[in-house]
Amino acid sequence: SMNNIVLSDVKGNNKNSGSIVSKNIELLSTHSIELKQGWNWYSTYIDINGEDGFSVLKDMLGNNAKIIKSQTEFALYYEEQAIWDGSLKSYDNKVFYMINTFNPLTLEMQGVMTDMSNYEIIIKPGWNWINYSNNEEKNLNEVDLGFTPTDGDLIKSQTEFAKYYEGFGWDGSMNVMKSGGAYMYYSNDTENNIMSFINDKK
């Protein structure tokens, strides 16, 4: 969701000649994520969509990462040439990425928060890599995915998981969806669903 501040700026030497100017200023947020050595699941609630956002991520990683991969594409770091190359060239805020790092580091991603009002993820049968871009964590059973999960659906983070039981809800070691969290979702449905996080619309 985008936060706006209206600033009133009075120009002129006295109130008779003054003119009021209103400007919308987007509030910047910082999302700090610690990456450990080796494989990490990475996503953020900061809006860094597109090629520019991917460039920011690569610059922040510097020469401290070997590979960035999505569910379908990847980019490799070539140390001698100091370049990234591969089929992955653009960042998508709706999915998460696996990053393999040489050493631990903290990524301080700064920008505006993702607008959840048009946030939709196509959930295909089988595994889907998703990013929960909402800027606050919620109890898993209180998150409105925008569709009814199928019995046996799975959701997991890098360290926890939960299974969906029809008529009961989610159960497992994973109890919350964390802000900007990276998750794998397994759909047992035979058709696509639209994940829209209805109650997270701002």
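This is a predicted model: local features need pLDDT of at least 70, side-chain atom pairs count only at pLDDT 80 or more; totals for chains, interfaces and linings use all residues.
**The whole chain**

Let's start with the big picture. The secondary structure comes to one helix and 18 strands. Of the 202 residues in the chain, 42% are buried. Take the contacts with a separation of 6 or more: 69% of them join residues 24 or more positions apart.

**Helix H1**

Now for the helix. Does its span agree with its residue count, or disagree? H1 has twelve residues (50–61), which at 1.5 Å a residue should span 16 Å; the end C-alpha atoms are 17 Å apart, so the two agree.

Which residues of H1 are buried? They are Gly53, Phe54, Leu57 and Leu61. These residues cover an arc of only 100° around the axis, so they sit on the same side of H1. Here's the rule behind that sort of pattern: an α-helix has 3.6 residues a turn, so residues three or four places apart point the same way. On the other side of H1, Glu51, Asp52 and Asp59 are exposed. After H1 comes Gly62, with a positive phi near 60°.

| Part of H1 | Residues |
|---|---|
| Buried | Gly53, Phe54, Leu57, Leu61 |
| Exposed, on the other side | Glu51, Asp52, Asp59 |

The largest nonpolar core has 22 residues, and the ones touching the most other members are Leu35, Tyr42, Leu57, Leu61, Ile68 and Ile99. Two or more residues of this core come from each of H1 and the strands E3 (29–35), E5 (65–69), E6 (74–78), E8 (97–101) and E9 (105–111).

What does Leu57 touch, not counting residues up to four places away in sequence? Its partners are Tyr42, Ile68, Tyr91, Ile99, Leu107 and Met109. Another core, of 20 residues, lies apart from the largest one; Met116, Ile155, Ala162 and Tyr185 are among its members.

**A buried asparagine**

Finally, have a look at Asn131, which is found in strand E11 (residues 126–132). Is Asn131 buried or exposed? Its relative accessibility is 0%, so Asn131 counts as buried; the cut-off for that is under 20%. Leaving aside neighbours within four places in sequence, Asn131 is in contact with residues including Ser43, Thr44, Asn93, Lys94, Tyr119, Gly180 and Phe197.

Key
Residues are numbered from 1 along each chain as its sequence is written. Side-chain values use heavy atoms; hydrogens and water are left out. Helices (H or I, at least four residues) and strands (E, at least two) are DSSP runs, numbered from the N terminus. The expected span of a helix is 1.5 Å times one less than its number of residues. Buried means under 20% relative accessible area, exposed over 50%, partly exposed in between (1.4 Å probe, protein chains only). The arc is that of the directions from the helix axis to the C-beta atoms. Contact means heavy atoms within 4.5 Å. A nonpolar core is a set of buried Ala, Val, Leu, Ile, Met, Phe, Trp, Tyr and Cys residues joined through side-chain atoms within 4.5 Å.
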